[in-house]
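Please keep the structure in view while reading.

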Amino acid sequence: MEITYASPSSQNLSSSSQRSSSNVSMPAARPVKVIPLQHPETTSSSSAASSFGASVSKRIGNFKRMTWIQWIETFLPCSRWIRTYKWREYFQVDLMAGTTVGIMLVPQAMSYAKLAGLQPIYGLYSGFVPIFVYAIFGSSRQLAIGPVALVSLLVSNVLGGIADSSDESYTELAILLALMVGIFESIMGLLRLGWLIRFISHAVISGFTTASAIVIALSQAKYFLGYDVARSSKIVPLIKSIILGADKFSWPPFLVGSIILAILLIMKQLGKSRKYLRFLRAAGPLTGVVLGTTIVKIYHPPSITLVGDIPQGLPNFSIPKSFECAMSLIPTAILITGVAILESVGIAKALAAKNGYELDSNQELFGLGVANILGSFFSAYPTTGSFSRSAVNHESGAKTGLSGVITGIIMACALLFMTPLFEHIPQVSYQCALAAIVVSAVMGLVDYDEAIFLWHVDKKDFLLWTITSITTLFLGIEIGVLVGVGASLAFVIHESANPHIAILGRLPGTTVYRNTQQYPEAYTYHGIVIVRIDAPIYFANISFLKDRLREYEVDVDRSTRRGPEVERIYFVILEMAPVTYIDSSAVQALKDLYQEYKSRDIQIAISNPNHEVLLTLSKSGVVDLIGKEWYFVRAHDAVQVCLQHVQSLKETANAPYPLPDDKLSFLQRLLKSRGEDLSIAELESGAQRPPDFKDTDPKLEPLLYRKS
């Protein structure tokens, strides 16, 4: 025998002890466990202020309980892997991974510096100090940081409008930009603002990187074609410039660049597809430089210019200059910070999940910030995590941050001993090789597979991807980012202001209520609408909710309804279990809705509000306004109570001398109608004739008997 328990809200109702249309007597009455619905006092200490105070006290308590080892791990995350480092197991793979990434980074760093409009040496500087700093303060053990194509393009696009790339001030502004980006990242990490990045859709990031990759590739066309191309972050000026200069096309750089690019792509694909050849992926950039130099040396083009002097030695300590331009660089610094965080934290989280350890996003922000701040004092421009190098680092088996330290050592060796070698490289082969390296790297960022996936899975995200891509291509990187982020936030706001609302019905044979659209077999009851609100209720969505409730009041599906037949809705049950928050505007709107319903003889019932929502309703007087007896633990309890009231109303309407409507209110009519209620089983079956019954204490009777 299944017994359904009622909430104390049903205390005024009596239950039947036997079934009609059956001669089988019911079992003896059983005591019923009453599920109490606790109504908090308005003077409860669980106010917002006290909750905040409790949260602060809890955090302070956690700090007090921390051991000195935990304090060290908080400020120096590297101590976590240093304390547990397994030299025999980890050192060999870390050494191999660090060396591989270092060999890959040397030519890449010079390529990205050229893309940023800087001398190649600043790419090497940016791949030196920040790597060591991040290994100490960063929380990811596989992330490879340094210069990246996207940030380099942003630097070039912004600073190109302020100063000429050949001026010393251009370099000073790039270094100052690294300091500002580092400060912003550190502040976000210290204030634990990493959650802000969650509001930017993955579709926006994918669309932005895809469009940026196309722009970056076109910006390198001048090194393949042999003539100058307009410097722009928009696709139209780039294509126009390429077409207009076609008469200056030169075959030698095109052939050299194409051969190097083809070899790079082949090595990259072989390294991805075959594990025993994965070293080819990392060796590709260096191979491109050596190959380009060899080709030029063999064929001896008519005019050969050498790369020239590249400073040898480690960078000197110097304080960034040009602070008078700091205000004008703030928007760019914020933009680069956002892009760097999105690219870096996303990669770091994915690698942490694959390697089985937790990653603190806020610590990651702080580590990146400190790396950029200290890097700026050693002539580095903005750096962040690289997707390609991090993937190589992971595939090479890196276990800890020691692989990053080894990469930094490789960069130091390059600065100390290898720069004289670059002086004798022919300029044409050098530029073609670096351009091919950039194009090869950014081709992996063209994420057309993601667009196809979004088209099949979510048209809204596909629209976001398309909007971001098109605006980035045609209006520039800055506007593209702003439009993409703005569109992403607009979608979030739209979803919040138009939340999902469901009409609930009862699944046959259960006391479970589910969405009738998802479960067509679920049935509802005449005179009752059960509505579930699947979102917090606040000022932005309350009007939408009220409009939908009015629609549900009128537009009901009678084909699936059971119970006593009545012509209209008398009860609206709000299932509030998913509602996590309700604000003052929503409270006032709920009061207005109650008065509106009351004028039309409709009663609101509330089911399963959480503690904070119930406290807000209590403090605002809504609990007393609606009546404590209309708050229930479960939707099923509310339905049972409302069913008996519907039957009472039906009997009152069919009485020989019905009371005039203008004399008694809705609730008075409910109280006036007494006694002879149908059992819940009969009400659900739609029976019209009540059985004989005996008045019993509802606390001692189950509301529903069902044979097992």
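In this predicted model, buried residues account for 51% of the 708 residues in the chain. The accessible surface amounts to about 33400 Å², and carbon and sulfur atoms contribute 61% of it. The chain contains 28 helices and twelve strands. Of the contacts between residues at least 6 apart in sequence, 81% link residues that are at least 24 apart.

Two packed helices are described by the angle between their axes and the distance between those axes. Consider helix H6 (residues 129-137) and helix H17 (residues 402-422), whose axes come within 8 Å and cross at roughly 165°. Angles over 145 degrees count as roughly antiparallel, and H6 is therefore roughly antiparallel to H17. Their crossing is left-handed. H6 contributes Ile-131, Phe-132 and Ala-135 to the contact, while H17 contributes Gly-404, Val-405, Thr-407, Gly-408, Ile-409 and Met-411. By class, the residues of this contact comprise six nonpolar, three polar and no charged.

The second pair consists of helix H14 (residues 326-355) and helix H16 (residues 387-395), which pack at an angle of about 15° with their axes 10 Å apart. Because angles under 35 degrees count as roughly parallel, H14 and H16 are described as roughly parallel to each other. The crossing of H14 and H16 is right-handed. On the H14 side, the contact is made by Glu-343, Ile-347, Leu-351, Lys-354 and Asn-355, and on the H16 side by Phe-387, Ser-390 and His-394. The residues of the contact between H14 and H16 fall into three nonpolar, three polar and two charged.

Definitions and conventions:
Residues are numbered from 1 along each chain as its sequence is written. This is a predicted model: local features need pLDDT of at least 70, side-chain atom pairs count only at pLDDT 80 or more; totals for chains, interfaces and linings use all residues. Side-chain values use heavy atoms; hydrogens and water are left out. Axes are lines fitted to C-alpha atoms, for helices over the stretch in contact, and angles run from 0 to 180 degrees between N-to-C directions. Helices (H or I, at least four residues) and strands (E, at least two) are DSSP runs, numbered from the N terminus. Angles under 35 degrees count as roughly parallel, over 145 as roughly antiparallel, 65 to 115 as roughly perpendicular and the rest as oblique. A crossing is left-handed if the near helix is turned anticlockwise from the far one by less than a right angle, and right-handed if clockwise. Contact means heavy atoms within 4.5 Å. Ala, Val, Leu, Ile, Met, Phe, Trp, Tyr, Cys and Pro count as nonpolar, Asp, Glu, Lys and Arg as charged, and the others, Gly among them, as polar. Buried means under 20% relative accessible area, exposed over 50%, partly exposed in between (1.4 Å probe, protein chains only). Accessible areas come from the Shrake-Rupley method with a 1.4 Å probe; for residues, only the protein chains shown count as cover.
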